[in-house]
Amino acid sequence: MKWQGRSGSRNVSDRRTSGGMAVGGVGLVVLLAYTLITGDPMALINGLLGSVGNNQPLTAEEQELADFVSVVLADTETVWTEVFESYGWTYEPATLVLYKNTTSSACGTASVQTGPFYCSEDQSIYLDLVFASTLRNQFEAPGDFAMAYVIAHEVGHHVQYLTGILDDYYEARAQLSTTQANALTVRLELQADYLAGVWAHHVAGMGYLEPGDLEEALTAAAAVGDDTIQMQSSGRVIPETFTHGTAEQRSSWFLKGYNEGDLDQWDTFSISNP
Ligand SMILES: [Zn+2]
């Protein structure tokens, strides 16, 4: 994707170093108290060095990845503002929270276990940039547009929130058995993949797509398919437990959105078999 030198979004909230500073601050107070009690200055010096270690500066690679994510988010804002306008709606941007290791959200703790997610309670996407290497190494989905797809998918959930679909989903799910609820969740997730495809359609239209980008997104969509993940982790596939759809479903809904470029074919809920 052509992103270098382009402006990013104002809606990135970077928490990657503030967590370390908070720990360092608390640690320093404890150490000062300890030094006052014991009179051991080495404890204070070692403690200071330790608290510096909690707040390591970001590497050039981490900063570049953050810049990339910010441009992708800005492109989602441009595209969704336009698409919403074409339907007579108003787009309100989501916040993208960058964090390292763990952070709190209005939907609970974000961590490596949760992976990237969208929280409608605070209209924020939570992303630990370590997921870029998880995609590349564990999911074998390399390339910048693989990561762009992940962000666009989460923004897709925000689009579902703004259009009332997410609330309808939560309401409907409460009445369902676990298996039925999973099937409904698959439809929600496939729609988010379609929305990521709609976004990519417009990115291509703006001239920012590079050769191979579309394939990178399709590879990533297939790599995070429930069947792919279940085969890798346990060697067998249990369709009733699917919550995101198969590799085939995920990549084809992304492609459908990419080909359509609008919301006219986005209904994954009322068709018989998505
Ligand atoms: Zn999702």
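Which residue of strand 6 does Cys119 stand opposite? In this predicted model, the residue facing Cys119 is Ser124 of strand 6. The report below sets that pair within its sheet and then turns to the helices.

**Overall composition**

The protein contains 10 helices and six strands. Of its 274 residues, 32% count as buried. When contacts between residues at least 6 apart in sequence are considered, 71% of them join residues at least 24 apart.

Four strands form an open sheet in the order 1-2-6-5, and their pairing is mixed. Strand 1 (12–14) and strand 5 (117–119) are the edge strands, each pairing on one side only. From one strand to the next, the twist averages 25°. Strand 5 and strand 6 (residues 124–128) run antiparallel and are joined by three bridges; Cys119 and Ser124 stand opposite each other here.

Strand 3 and strand 4 also pair in the antiparallel sense. A hairpin of two residues connects strand 3 to strand 4, and Ser105 has Gly108 in strand 4 as its bridge partner.

| Strand 5 and strand 6 | 117–119 and 124–128 | three |

**Helix 3**

Helix 3 (residues 60–86) has 27 residues, which at 1.5 Å a residue should span 39 Å; the end C-alpha atoms are 39 Å apart, so the two values agree. Its buried residues include Leu65, Phe68, Val72, Asp75, Thr76, Val79, Trp80 and Val83. An α-helix has 3.6 residues a turn, so residues three or four places apart point the same way. The cover over the buried residues of helix 3 comes from both kinds of element: it includes strand 1, strand 2 (95–99) and strand 6, together with helix 4 (130–138), helix 5 (144–162) and helix 7 (178–205). After helix 3 comes Gly88, which has a positive phi near 80°.

The largest nonpolar core has 59 residues, among which Tyr149, Ile151, Ala217 and Ala220 touch the most other members. Helix 7 gives the most to this core, contributing 11 residues. In soluble globular proteins, nonpolar side chains tend to be buried together.

Helix 8 is mostly covered, with eight of its 11 residues buried. Ala217 and Ala220 are among these buried residues, as are Asp213, Glu216 and Thr219. Helix 4, helix 5, helix 7, helix 9 (226–234) and helix 10 (247–260) are among the elements that cover the buried residues of helix 8. Beyond its neighbours within four places in sequence, Ala217 is in contact with Phe145, Ala146, Tyr149, Ala200 and Phe254.

**Leu214**

Not counting residues up to four places away in sequence, Leu214 touches Leu209 and Tyr258. The C-alpha atoms of Leu214 and Ala146 are separated by 8.7 Å, although these residues are 68 apart along the chain.

Technical notes:
Residues are numbered from 1 along each chain as its sequence is written. This is a predicted model: local features need pLDDT of at least 70, side-chain atom pairs count only at pLDDT 80 or more; totals for chains, interfaces and linings use all residues. Two residues are in contact if their C-beta atoms, placed from the backbone, lie within 7 Å. A residue is buried if 20 or more other C-beta atoms lie within 10 Å of its own, exposed if 12 or fewer, and partly exposed in between; C-beta atoms are placed from the backbone. Two strands pair if DSSP finds at least two bridges between them. Axes are lines fitted to C-alpha atoms, for helices over the stretch in contact, and angles run from 0 to 180 degrees between N-to-C directions. The expected span of a helix is 1.5 Å times one less than its number of residues. A nonpolar core is a set of buried Ala, Val, Leu, Ile, Met, Phe, Trp, Tyr and Cys residues joined through C-beta atoms within 7 Å.
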